Amino acid sequence: MIKRNLLVLGLAVMLSACGFQLRGTGSNELAIKELDVSARNSYGDTVTQLTRVLTSSGVNVYTGAQYKLQLVNESESQRTASYSGSGRSAEYQLTTTLDYEIHGIQDRFLLGDKVSVDRIYVHDGNNLTGSDQEAAQIRQEMRSELIQRLLARLQQLTPERLDQLQVRADEVARAEEQARQDAQRLRDATPQQSPVEIPNR
């Protein structure tokens, strides 16, 4: 019995040392400690729930933070997955997609990506109220899962990674500004053609 307990304990230590975590027991802590979160719908359910989750994960969410998370677009699509024999009920597939961007110093674009969630539910033509309630519940669950997937993406962003992206964005901005200045100097150095004068008859 003691040997078995020691074996289990030893395996647990080895797995934790390798970074293994059981599903649902991992930490939601982010390396990013400050974040400005914005969305088209500033008071929508997604941004409200996301802000709450980020705050509970130790992130200070406030306007003016160095890094900005912009929820660019949230869209939902629905398609029929299958019909029943009677034609009164059908399976629908719901897909919710969230496009997001990370901006850094001087609001420079650092990266952009999207997360999506799919769910299938049965729409019963004989029980419209129940089907609508089920669809509403599924949408809430999908939103929660969408936020968890976005949080998992954010967990991969370390300050070092963001610094690298910022350096690259600064280089791109400098190159674009230099190209703009060179084009302006070329325009300034090119003599403008004088209008053709038509002699009086």
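**Pocket**

I began with the largest pocket, which holds about 210 Å³ of space. I keep in mind that this is a predicted model. I then listed the lining and got 13 residues. A39, R40, N41, T46 and E74 are the ones nearest the pocket centre. Next I sorted the lining by type: 5 residues are nonpolar, 4 are polar and 4 are charged. Which elements give two or more residues to this lining? I found helix 2 and strand 3. Strand 3 gives the most, with 4 residues.

**Core**

I turned to the largest nonpolar core and counted 36 residues. L35, L54, L69, L71, L150 and L154 have the most contacts inside it. I checked which elements supply at least two core residues each; among them are strand 1 (34-39), helix 2 (45-56) and helix 4 (159-189). Helix 3 provides the largest share, 8 residues. I also followed L54 on its own. Leaving out residues up to four places away in sequence, L54 touches L30, L35, V37, V59, V61, L151 and L154.

**Backbone**

Last, I looked at phi. Most residues other than glycine have a negative phi. I noted Q106, with a positive phi of about 60°, and D107, with a positive phi of about 55°. Where does Q106 lie? I placed Q106 in the loop between strand 4 and strand 5. D107 lies in the loop between strand 4 and strand 5 too. Q106 has a relative accessible area of 60%, so I logged Q106 as exposed. D107 comes out at 41%, so I logged D107 as partly exposed.

Methods:
Residues numbered from 1 in each chain as written. Predicted model: local features only at pLDDT ≥ 70, side-chain atom pairs only at ≥ 80, totals over all residues. Heavy atoms only, no water. Core = buried A, V, L, I, M, F, W, Y, C linked by side-chain atoms within 4.5 Å. Buried < 20%, exposed > 50% of the residue type's maximum accessible area, 1.4 Å probe, protein only. Contact = heavy atoms within 4.5 Å. 1 Å grid on protein atoms, 1.4 Å probe; cavity = no way out; pocket = protein on both sides within 12 Å on 5 of 7 lines; lining within 4 Å. Points joined across faces, edges and corners; volume = space filled by probe spheres on them. Nonpolar A, V, L, I, M, F, W, Y, C, P; charged D, E, K, R; others polar.
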